Amino acid sequence: MKALVQEGRGSADVLHLRDVPRPELAEGRVIVRMRAASVNALDWHSTHGGLLLEIAAKIMRSKDERVRGVDLAGVVEEVGPGVTRFKPGDEVFGGAVATFAEYVRAREDRLLLKPRDLSFEQAATINVAGRTALQAVRDHAQVKPGQRVLIHGAGGGVGTFAVQIAKTLGAHVTAVTGPRNVDLIRSLGADEVIDYTKEDFACRPQRYDAVIDISASRSVSSLRRVLMPNGMFVAVGAAKHGGLIGIFARLIAVLVRARMGQRVKFFVARTVPEDLEFLRDLIEAGKLRPVIERTYPLSEGREAIRYVGTGQARAKVVITA
Ligand SMILES: NC(=O)c1ccc[n+]([C@@H]2O[C@H](COP(=O)([O-])OP(=O)(O)OC[C@H]3O[C@@H](n4cnc5c(N)ncnc54)[C@H](OP(=O)(O)O)[C@@H]3O)[C@@H](O)[C@H]2O)c1
């Protein structure tokens with residue numbers, strides 16, 4: 001089968017379309033013919049490498065996987081021993097590893113049947129970006145109806161989900177985004193949209209119950225300054241271009257504040273099967289809409305990752321096969 005294989009580290013140039021063996025079936029696993037796999041900031045970071053990632057991989061004892069991609073939508077081709085929820089031909093979506101490939105081995109408990117009205121491309125956007133947004137807004141910021149929420153960096157994958165999820169939870173949403181995304185974010189239901197090239201959100205008198213920082217493009221103190229005294233700051237993202245020192249400095253800024261008793265939080269999204277079901281239900285109820293800016297065929301997957309790395313991708317970018 002064809003797969004986008006990473007040979008080295010440093011830039012998207014290290015990604016090559018290669019012929020590799022198909023993954024083998026195993027207990028509790030299915031083989032999925034990939035139809036769509038969305039790109040996450042994680043894929044860009046993993047391609048660019050760096051000490052931080054190597055340390056994290058060692059701590060988590062993760063296998064040195066040379067095929068990137070963790071989001072998936074496709075058709076079940078084969079089912080392994082012990083699989084009870086799926087049969088060949090089922091259309092599914094969810095998470096797996098090495099999804100930038102024609103065939104993917106996935107745990108059955110990481111997949112759900114794809115809603116009929118959702119395209120493979122849309123379904124492939126949900127796993128990481130949707131879960132991260134849900135956990136940030138619902139679980140860590142604990143947004144309640146009527147609260148005011150600021151979503152900083154609303155135009156990307158996580159941001160477009162976060163705006164909609166905050167709205168479904170009954171919040172008043174102010175979204176900060178770039179000029180190209182103002183209309184899109186408004187169409188997703190944001191009550192107020194601030195174009196960061198025209199206005200500094202920090203100069204508004206408004207104070208918020210929660211600030212969800214996705215772009216990490218402003219200091220933690222400037223973002224915390226717009227919080228109500230009891231408001232919650234949730235750090236989701238790391239700036240792509242601050243390098244290792246930038247990422248560590250931000251993490252430490254958040255952790256030190258948390259130790260000092262401030263209401264700040266950094267989290268790493270967890271794989272919770274119920275969260276995927278929750279998101280699917282919102283979509284089926286017409287309350288959540290995955291947004292895709294561009295799709296790239298697997299043969300041009302390298303360009304997809306390069307584009308996400310510019311920091312200017314709108315909503316989600318998807319690779320198809
Ligand atoms: N904690 C976790 O578990 C977790 C999980 C997934 C992702 N992440 C992190 O979350 C971040 C976002 O992920 P993503 O997939 O949404 O990436 P993405 O699609 O690249 O989105 C980032 C967005 O930030 C916005 N942005 C760029 N410059 C900005 C500025 N000066 N001010 C405000 N917004 C700006 C951009 O859109 P606009 O300019 O239009 O707003 C861009 O689309 C990444 O750092 C990623 O590593 C964390």
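Around the ligand sit 30 residues, and Gly 155, Gly 156, Gly 178, Ser 215 and Gly 237 come nearest. Keep in mind that this is a predicted model. Here is a short tour, from the ligand's surroundings to the helices and then the domains.

**Around the ligand**
- The shell splits into 15 nonpolar and 15 polar residues, with no charged ones.
- Helix 4, helix 5 and strand 9 (172-177) each contribute at least two residues to this shell.
- Both domain 1 (2-125 + 290-320) and domain 2 (128-266) take part, each providing at least three residues of the shell.

**Helix 4 against helix 5**
- Helix 4 (residues 126-140) packs on helix 5 (residues 157-168) at an angle of about 45 degrees, and their axes are 8 Å apart.
- Helix 4 and helix 5 are therefore oblique to each other.
- Their crossing is right-handed.
- On the helix 4 side, the contact residues include Ala 129, Gly 130 and Ala 133, while those of helix 5 include Gly 157, Phe 161 and Ile 165.
- By type, the residues of this contact are 10 nonpolar, three polar and one charged.

**The two domains**
- The domain assignment gives the chain domain 1 (2-125 + 290-320) and domain 2 (128-266).
- Taken over C-alpha atoms, the centres of domain 1 and domain 2 are separated by 27 Å.
- Their contact draws 17 residues from domain 1 and 12 residues from domain 2.
- On the domain 1 side, helix 1 (41-48) and helix 2 (51-59) each supply at least two residues, and helix 1 gives the most, with three residues.
- That side of domain 1 comprises nine nonpolar, five polar and three charged residues.

Terms used. Residues numbered from 1 in each chain as written. Predicted model: local features only at pLDDT ≥ 70, side-chain atom pairs only at ≥ 80, totals over all residues. Axes fitted to C-alpha atoms, helices over the stretch in contact; angles between N-to-C directions. Helix = DSSP H or I, 4+ residues; strand = E, 2+ residues; numbered from the N terminus. Parallel < 35°, antiparallel > 145°, perpendicular 65-115°, else oblique. Left-handed = near helix turned anticlockwise from the far one by under 90°. Contact = placed C-beta atoms within 7 Å. Nonpolar A, V, L, I, M, F, W, Y, C, P; charged D, E, K, R; others polar. Near = placed C-beta within 6 Å. Domains from an automatic or database assignment.
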